[in-house]
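Please read them with the coordinates open.

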Amino acid sequence: MARISIAPMVDITDRHFRYFCRLLTKKAILYTEMITSSAIIYGDRNKILDFDPVEKPIALQIAGYDKKEMAEAVKIAEDWDYDEINVNLGCPSDRVSGNQMGATLMAYPELVAEIIYAMKRETNKPITVKHRIGIDGTNVLPKDLPKVVLDKYEDLERFVKIIAETGVNHFIIHARIAILEGLSPKENREVPPLRYDEVYRIKKNFPHLFIEINGGIKTINSIKDHLRHVDGVMLGRVAYENPFLLSEVDRFYDNGKVNNVSRREIIEELINYVKKLGEDDKRGYHAIKNTIGLFHNKRGSRIWRQLISPPWEAGYGAKEILERALDLLPEDVLDERPRII
Ligand SMILES: Cc1cc2nc3c(=O)[nH]c(=O)nc-3n(C[C@H](O)[C@H](O)[C@H](O)COP(=O)(O)O)c2cc1C
């Protein structure tokens with residue numbers, strides 16, 4: 001069975017955005033933002049880990065490099081009903097890889113395997129990994145040591161093989177390398193070229209593994225194309241740039257179909273949602289700010305973007321902003337529905 005997922009994205013995939021995504025897709029699995037193991041251990045757990053049951057299926061993404069901490073974080077998260085635990089092995093940020101987390105860990109697959117074994121002792125939930133096809137450089141080695149470059153298909157294959165020996169059988173692969181010296185995280189999502197063929201090749205050489213592809217996938221047709229080669233597709237930026245696309249992705253599941261929903265219905269649901277949160281403007285804004293792409297490429301998209309971007313007109317809270325949108329946006333766009341196939 002194919003699977004579609006919405007990628008972990010810091011500052012985007014918080015619980016409000018996930019709730020919004022769930023109005024659009026009933027089946028795609030939603031990922032939390034990356035959460036470090038120490039945030040789970042030392043932070044405000046309820047704030048960090050709580051989610052609404054309607055968000056399910058939901059995966060918790062954890063970043064860390066210390067196996068004891070990673071195991072403890074998993075143990076703590078057992079009290080929440082996550083469907084999957086995902087290990088971040090792809091983030092290029094200094095803040096993360098400088099601490100030997102994220103993409104830097106691709107240089108140390110044996111250490112990753114130890115981390116995974118430790119995590120597995122604390123949970124029966126599926127543990128998955130999200131990584132790049134390779135790395136160029138790490139942030140942790142002393143400068144006088146040779147730079148670690150794992151940029152060839154064979155390097156990727158070796159990495160997958162070692163991780164698969166732990167029993168992990170689900171790999172989410174962002175089809176570009178991470179350049180860990182000199183590029184910002186944003187550049188690292190744009191500059192290294194996409195090399196989908198290498199992900200397809202992993203599926204061919206490890207047919208028993210569930211391989212999910214990620215990176216630059218923005219249309220229903222390209223999802224369809226990728227699913228001819230791999231088992232799943234993870235959507236990142238398109239989920240906030242053009243979220244209405246998500247209403248069509250359930251068709252990729254067995255017996256799935258498009259979610260016959262309109263933007264008007266989504267906005268009405270959001271009004272109910274923010275009412276439940278309370279009338280606090282700031283919180284309300286936070287709850288809807290990532291819906292900014294709902295009218296992508298449609299008449300009214302500017303009105304929508306202006307309405308939900310600060311500074312808000314004095315006195316309006318999220319509920320009023322959404323109600324105003326229903327008054328101001330073109331009726332035909334509000335009532336448009338996905339193509340039914
Ligand atoms: C704003 C933003 C935040 C991100 N945060 C994370 C993260 O927390 N964990 C992670 O594994 N990847 C993170 N990513 C990477 C995405 O999950 C995804 O791999 C990447 O954007 C490529 O997919 P796309 O081309 O479909 O956007 C982030 C990406 C963006 C744009």
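How many residues surround the ligand, and which are the closest?

1. The model is a predicted one. In it, 16 residues surround the ligand, and the closest are Gln-61, Lys-130, Asn-214, Gly-216 and Arg-237.

2. A ligand oxygen lies 2.6 Å from a polar backbone atom of Gly-216. A ligand oxygen also lies 3.2 Å from a polar backbone atom of Met-34.

3. Because six of the six residues of β3 are buried, the strand is largely enclosed by the rest of the structure.

4. β3 has parallel partners in β2 and in β4. Five bridges join β2 to β3, with Thr-36 and Ala-63 as bridge partners. Between β3 and β4 (residues 84-89) there are four bridges, and here Ala-59 is the bridge partner of Glu-84.

5. β2 (residues 29-36) also pairs with β1, in the parallel sense and over two bridges; Ile-6 stands opposite Leu-30 there. β1 pairs with β9 (residues 232-235) as well, again parallel, over four bridges, and in β9 the partner of Ile-6 is Leu-235.

6. Are the residues of β1 (residues 3-6) buried or exposed? Arg-3 and Ser-5 point one way, Ile-4 and Ile-6 point the other way, and all of them are buried. Note that this includes the charged residue Arg-3.

7. The second largest pocket has a volume of about 700 Å³. It is lined by 30 residues, of which Pro-8, Met-9, Val-10, Lys-130 and Arg-189 are the closest to its centre. Lys-130 is also one of the residues closest to the ligand.

8. Which elements supply the lining of this pocket with at least two residues each? They are α5 (94-97), β5 (127-136) and α10 (238-241). The largest share, three residues, comes from β5. By class, the lining of the second largest pocket consists of 13 nonpolar, 10 polar and seven charged residues.

Note on methods
Residues numbered from 1 in each chain as written. Predicted model: local features only at pLDDT ≥ 70, side-chain atom pairs only at ≥ 80, totals over all residues. Heavy atoms only, no water. Buried < 20%, exposed > 50% of the residue type's maximum accessible area, 1.4 Å probe, protein only. Pairing = 2+ DSSP bridges. 1 Å grid on protein atoms, 1.4 Å probe; cavity = no way out; pocket = protein on both sides within 12 Å on 5 of 7 lines; lining within 4 Å. Points joined across faces, edges and corners; volume = space filled by probe spheres on them. Near = heavy atom within 4 Å. Polar contact = N/O pair within 3.5 Å; in protein donor to acceptor, adjacent residues only side chain to side chain.
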